[in-house]
Amino acid sequence: MVRKYALPVVLIAIAATFPFWGPVVEDVTGVGLFYPVIVISVYILLALGLNIVIGFAGLLDLGFVAFYAMGAYVMGWLASSHFSQVSFSLGTTTQSLSGDPLPGIHLSFWLIIIIAMAFSALCGIIIGFPTLRLRGDYLAIVTLGFGEIIPRFFLNGDNLAGFNLTNGAIGIKAIDSPGIPFATDPAWQRFGTLDLNPWYYTILALVLITVFVNVRLQNSKLGRAWVSVREDETAAAAMGINPVTTKLWAYALGAMFGGMAGAFYGAFIKNIFPTSFSFNISILILCMVILGGMGNIYGVILGAIVLQGVNFALLPQIRTWVNQIGEATGNATLASIDVARYNFFLFGIILVVMMLLRPEGIIPNRQRQEELHDDDPTTGDSMGGPARV
């Protein structure tokens with residue numbers, strides 16, 4: 001029992017005390033940590049959501065960014081002056097300087113988070129119901145198209161029969177900040193940009209809730225049904241499991257957490273644009289899940305931290321080193337090269353190396369590890385499948 005909970009308790013303690021030791025590390029290294037850590041936490045939410053779809057249920061989803069975008073736009077619609085033709089406020093801490101009613105819809109951040117999750121899950125069900133009857137490559141192609149269509153819909157949604165839903169390429173700006181009305185600390189009454197502690201603890205709470213739900217799902221009857229469908233859909237159907245319903249649950253729950261991450265991100269950056277939700281984001285999240293270990297919650301979290309850590313910390317540092325070498329040697333190309341632009345090239349190399357050396361990921365799921373490391377091909381794999389030749 002102690003061994004089971006020791007590591008989670010230690011990790012939670014380290015994360016909870018970050019606002020105390022983080023500034024010390026910032027002073028020593030000269031690198032700002034709070035903003036990257038919050039963004040990395042958003043990607044942890046996305047990776048955990050996609051892990052339900054890919055890691056638990058075995059559905060290759062290449063359009064997960066669509067739910068991320070939906071959550072962000074729900075936050076934009078319900079916490080800004082975008083719909084200026086109406087004036088409605090509920091639970092928000094945002095007020096106009098003149099005291100007049102704010103134009104647009106302004107709901108409480110906490111209420112919008114729930115709405116965004118429900119909206120994304122509903123869209124996941126609506127979109128997934130006709131498509132999840134497909135398998136393998138066909139499903140991947142359909143989700144790929146879905147991930148391309150949604151951002152383009154937001155890009156061209158500024159004139160839907162004369163109605164401006166998304167503001168097109170300009171996006172939705174000046175999104176309200178979250179806040180806790182009854183808090184005594186002004187920093188918590190309305191989250192600002194000077195003190196990021198409220199933002200950090202909010203995203204930490206969302207990550208912990210997501211991890212808890214993932215753990216409970218993994219060990220539930222539904223989680224075992226996902227594993228059955230993932231390993232052999234035909235056999236699962238023969239045992240009385242409805243594959244479509246089971247996969248639909250995975251798609252909806254994954255979408256729900258994607259929407260939650262998008263809603264938080266929209267409030268955090270305050271401005272959302274269609275270009276912020278490109279297909280590259282789907283691939284980046286997929287890489288996090290594969291790198292960390294599909295189906296393993298700790299592995300997925302580690303994969304998100306590693307890849308976004310490379311993005312935020314390692315690549316800028318490498319660019320500085322390369323530029324300094326170029327200036328010292330008089331090489332104009334090295335002196336001006338922007339290494340961060342080649343981040344996906346680096347991610348590709350990391351994935352290829354991982355597939356060759358450790359295809360199950362950094363922290364593998366036990367079942368996948370047994371499948372990929374069957375040392376005796378004549379006896380069939382350890383999951384009871386046919387013998388490999």
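Three strands form an open sheet in this predicted model, and their order is β1-β3-β2 with mixed pairing. Two strands are taken to pair if DSSP finds at least two bridges between them. Helices (H or I, at least four residues) and strands (E, at least two) are DSSP runs, numbered from the N terminus. The edge strands are β1 (79-80) and β2 (87-90), each of which pairs on one side only. Strands of a sheet pair through backbone hydrogen bonds, either parallel or antiparallel.

Both kinds of pairing can be followed here. Strand β1 runs antiparallel to β3 (residues 104-107), and two bridges join them. Within this pair, A79 stands opposite H106 of β3. Helix α5 (residues 109-131) packs on the sheet and touches β1, β2 and β3, while its direction makes about 100 degrees with that of β3. Such angles run from 0 to 180 degrees between N-to-C directions, and the axes are lines fitted to C-alpha atoms, for helices over the stretch in contact.

The word buried means under 20% relative accessible area, exposed means over 50%, and partly exposed lies in between (1.4 Å probe, protein chains only).

A residue of helix α5 may be considered next. F119 is found in this helix and is partly exposed, with a relative accessible area of 31%. Not counting residues up to four places away in sequence, F119 touches M70 and V74, where a contact means heavy atoms within 4.5 Å. F119 and I350 are 231 residues apart in sequence, and their C-alpha atoms are 35 Å apart in space.

Residues are numbered from 1 along each chain as its sequence is written, and side-chain values use heavy atoms, with hydrogens and water left out. Because the model is predicted, local features need pLDDT of at least 70 and side-chain atom pairs count only at pLDDT 80 or more, whereas totals for chains, interfaces and linings use all residues.

The protein chain as a whole has 16 helices and three strands. Its radius of gyration is 23 Å, close to the 21 Å that the globule rule gives for 389 residues, so the chain is as compact as a globular protein of that length. This radius is taken over C-alpha atoms, and the globule rule is 2.2 Å times the number of residues to the power 0.38. Along the principal axes, the C-alpha atoms fill a box of roughly 80 × 60 × 50 Å. Of the 389 residues, 46% are buried. Among contacts with a separation of 6 or more, 69% are between residues 24 or more positions apart. The chain exposes about 19300 Å², of which carbon and sulfur atoms supply 67%; the areas come from the Shrake-Rupley method with a 1.4 Å probe, and for residues only the protein chains shown count as cover.

V215 and N296 are 81 residues apart in sequence, yet 9.7 Å apart in space from C-alpha to C-alpha.

The loop between α6 (136-155) and α7 (186-189) contains T166. At 0% relative accessibility, T166 counts as buried. Leaving aside neighbours within four places in sequence, T166 is in contact with residues including Y73, W77, H82, F153 and I172. A161 is placed in the loop between α6 and α7 as well, but A161 counts as exposed, at 87% relative accessibility. Phi of A161 is near 55 degrees, a positive value in a residue other than glycine. A174 also has its place in this loop, and its phi is likewise positive, near 55 degrees. A174 counts as exposed at 57% relative accessibility.
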